[in-house]
Amino acid sequence: MPAKRSAFSSVDVVVWSGTGNTRRVAERFSEAARSRGASTRVLTPGTIGEQQPATRDLLGLLGPTHGFTTTWPVLKAALTLPGVRGTDAFVLVTRGGTRIAGKTFAGFEGTAGYLPAAVLALRGARIRGVGAVDMPLNWTVIVPSFDPPNVATIVERGDSQVDRFAASILDGGTAFKGLPQLMLGILILPLSLGYMLIARLLLAKMFFADERCTSCGTCEKNCPQQAVHLVGAVRRPYWTYRCQNCMRCMSNCPTDAIQGSQAWLLFYIWLVGLPVGALAAGALLDVLGVSDGAVAGVVQLASSYAWIVIAVWFAYGLLWLGLLVPGLRAVLARATLTRRYRRYRGPKARD
Ligand SMILES: Cc1cc2nc3c(=O)[nH]c(=O)nc-3n(C[C@H](O)[C@H](O)[C@H](O)COP(=O)(O)O)c2cc1C
């Protein structure tokens, strides 16, 4: 039976994707719209500004779930995308589906979908749907990837979730999924904020390249955040705080040279636990002659956060310099679990 005609004639799907899962979902949604007679484009947050059409009547914003919520680039897109007021819009996120003992389990998206949807709504969009699609868990700095047959099984299930969601929206209906997940996501929002503001920084600074790195620059070229730079005379990758832990570098490295150092993560956790920020805040408050109240609270928070940022930056510098010593690099590489982890070979992202 031919598909019904789309209720929208011009559909823009804006996607931010690490390893390609969300990109695949965006392209599948776009294909569904095209097969119903709509004109469609799949755009990244960086390119939409240059190509704004006057005719768009449906906007989709898509991204992965990180730390039970959305990512900074998707939140930024929700806040800054042009032409939002008065348009129909939907948000579709991917989450990490898993396979255990031959069964597929859903990921948990928390506030990943509804947070950017709320921002779009506040900017005047008419939200027609929010949904989540299970794609393979890609967090390979923490857990190894599933093998190809299990990846294929999860992707197949994800494809049918996209088709159902697309049918509801393109038929002119609405689709508000994941309300229980949203409720739980709100309850654990402090955890998600902790991930966005602190854990993300520590995790970004776990990455290093082992002795198999050929300085080919694939990680630098493909990073969706321009967070990886080949530096020094040795041209070895260095990860900046722009890194969102999307795993694209790790998943695309042609020699599987990119590792995450668990030892260094433990070092960061110890380091940021030192009361240096609190001591600095105390000294500053003494100078200012303030002892309590809102100002004191802000100074204490800012000082503790600054300590985290500076301490981790400095410790990562030590790691990077240590890696220049061949013996030490071999020890660090062998001490990491990721050296033994299967990389995620999902649908590769194309920005
Ligand atoms: C840093 C990080 C955090 C993640 N956090 C979650 C999470 O909280 N819940 C979840 O279901 N999946 C989580 N995932 C899995 C991804 O959301 C999922 O694999 C997604 O499809 C990746 O999409 P992408 O390839 O477009 O980046 C996480 C993945 C990474 C790398």
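Everything today is a predicted model, where local features need pLDDT of at least 70, side-chain atom pairs count only at pLDDT 80 or more, and totals for chains, interfaces and linings use all residues. Residue numbers start from 1 along each chain as its sequence is written.

So, where does the ligand sit? Domain 1 (10-191) and domain 2 (199-340) both give residues to the shell around the ligand, so the ligand lies between them.

That shell has 25 residues, and the closest are Gly18, Thr22, Arg95, Gly96 and Gly107. Two or more shell residues each come from α1 (21-35), β4 (88-100) and β6 (126-136), and β4 gives the largest share, three residues. Those names are DSSP runs numbered from the N terminus: helices are H or I, at least four residues, and strands are E, at least two.

By class, the shell has nine nonpolar, 14 polar and two charged residues. Here Ala, Val, Leu, Ile, Met, Phe, Trp, Tyr, Cys and Pro count as nonpolar, Asp, Glu, Lys and Arg as charged, and the others, Gly among them, as polar.

The contact of α11 with α12 involves Val276, Leu284 and Leu285 of α11, among others, and residues of α12 including Val299 and Trp307. Contact means C-beta atoms, placed from the backbone, within 7 Å. Of the residues in that contact, 10 are nonpolar, four polar and none charged.

Technical notes:
Near = placed C-beta within 6 Å. Domains from an automatic or database assignment. Contact = placed C-beta atoms within 7 Å.
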